[in-house]
Amino acid sequence: MLKLEKANLSATLRPSTDRYSGAIKGISMHIDKILVGLTFSMLLVSSLALAAYFETGLKAYRSGDYETALAQWIPAAEQGHVSAQTYLGHMYEQGIGVSRNHKTAVKWYTQAAEQGHAAAQNTLGYMYDYGRGVAENHKTAVKWYTLAAEQGLVQAQHTLGYNYEKGIG
């Protein structure tokens, strides 16, 4: 008889435990949704801030204020802003507002090219083709030209055709 009472008592407690378990799962799911929303909001705000840095830098660059352009673009580029990376590559390649430094130009072009920026891919191909900031490597140059050409960049298509015609790469 005692065994039967214990079994009934145990069965009576289970449903209330299950009810709390369901409530806890519901709260947990609600917290997960809030965290996802907050994360998305933070990413959006971060993206908007990067865009603002880039636009401020672009205005400064166009007006010849290269110091401000650099101050705006370096933090944006370090956080992955592809256009800032490309412009920094150009500034270092050409020596605009900075000492010409092909290795630094290649660094920024590579970061942008790896994100799929066609102009950066094309210029990186050029840097490899002519050994500017990197060891001359025609196969690597053709790789970058091809990626840019596949995105429709006419200059890359032309250079790629020329290299194929001459048997380069």
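**Entry 1: Asn163**

I looked up Asn163 and found it in helix α7. The model is a predicted one. Is Asn163 buried or exposed? I read a relative accessible area of 2% for Asn163. The cut-off for buried is under 20%, so Asn163 counts as buried.

Next I listed the partners of Asn163, leaving aside neighbours within four places in sequence. Asn163 is in contact with Asp129, Val142, Tyr145 and Ile168. Val142 and Tyr145 belong to α6. Asp129 is one of the buried residues of α5.

I also checked His138. It sits 25 residues from Asn163 along the chain, and the two C-alpha atoms are separated by 8.9 Å.

**Entry 2: α6 against α7**

I turned to the helix pair. Two packed helices are described by the angle between their axes and the distance between the axes. I noted both values for α6 and α7: the axes come within 8 Å and cross at roughly 140°. Roughly antiparallel would need an angle over 145 degrees, so α6 and α7 are oblique to each other. The crossing of α6 past α7 is left-handed.

Which residues of α6 meet α7? I wrote down Val142, Tyr145, Thr146, Ala148 and Ala149. On the α7 side they meet Ala156, Gln157, Thr159, Leu160, Asn163 and Tyr164.

**Entry 3: α5**

Helix α5 covers residues 118–130, 13 residues in total. From first C-alpha to last I get 19 Å, close to the 18 Å expected at 1.5 Å a residue.

How many residues of α5 are buried? I count 10 of 13, so the helix is mostly covered. Among them are Ala118, Ala120, Gln121, Asn122 and Thr123. Leu124, Gly125, Met127 and Tyr128 are also buried.

I then looked for the cover. It includes α3 (82–94) and α4 (102–114), as well as α6 (138–150) and α7 (154–166).

After α5 comes Gly131. I noted its phi as positive, near 65°.

**Entry 4: whole chain**

I closed with the totals. The protein chain has 7 helices and 0 strands. From the N terminus on, the order reads α-α-α-α-α-α-α.

Of the 169 residues, 31% are buried. The chain exposes about 10,900 Å², and carbon and sulfur atoms supply 59% of that area. Among contacts between residues at least 6 apart in sequence, I find that 41% join residues at least 24 apart.

Note on methods. Residues are numbered from 1 along each chain as its sequence is written. This is a predicted model: local features need pLDDT of at least 70, side-chain atom pairs count only at pLDDT 80 or more; totals for chains, interfaces and linings use all residues. Side-chain values use heavy atoms; hydrogens and water are left out. Helices (H or I, at least four residues) and strands (E, at least two) are DSSP runs, numbered from the N terminus. Buried means under 20% relative accessible area, exposed over 50%, partly exposed in between (1.4 Å probe, protein chains only). Contact means heavy atoms within 4.5 Å. Accessible areas come from the Shrake-Rupley method with a 1.4 Å probe; for residues, only the protein chains shown count as cover. The expected span of a helix is 1.5 Å times one less than its number of residues. Axes are lines fitted to C-alpha atoms, for helices over the stretch in contact, and angles run from 0 to 180 degrees between N-to-C directions. Angles under 35 degrees count as roughly parallel, over 145 as roughly antiparallel, 65 to 115 as roughly perpendicular and the rest as oblique. A crossing is left-handed if the near helix is turned anticlockwise from the far one by less than a right angle, and right-handed if clockwise.
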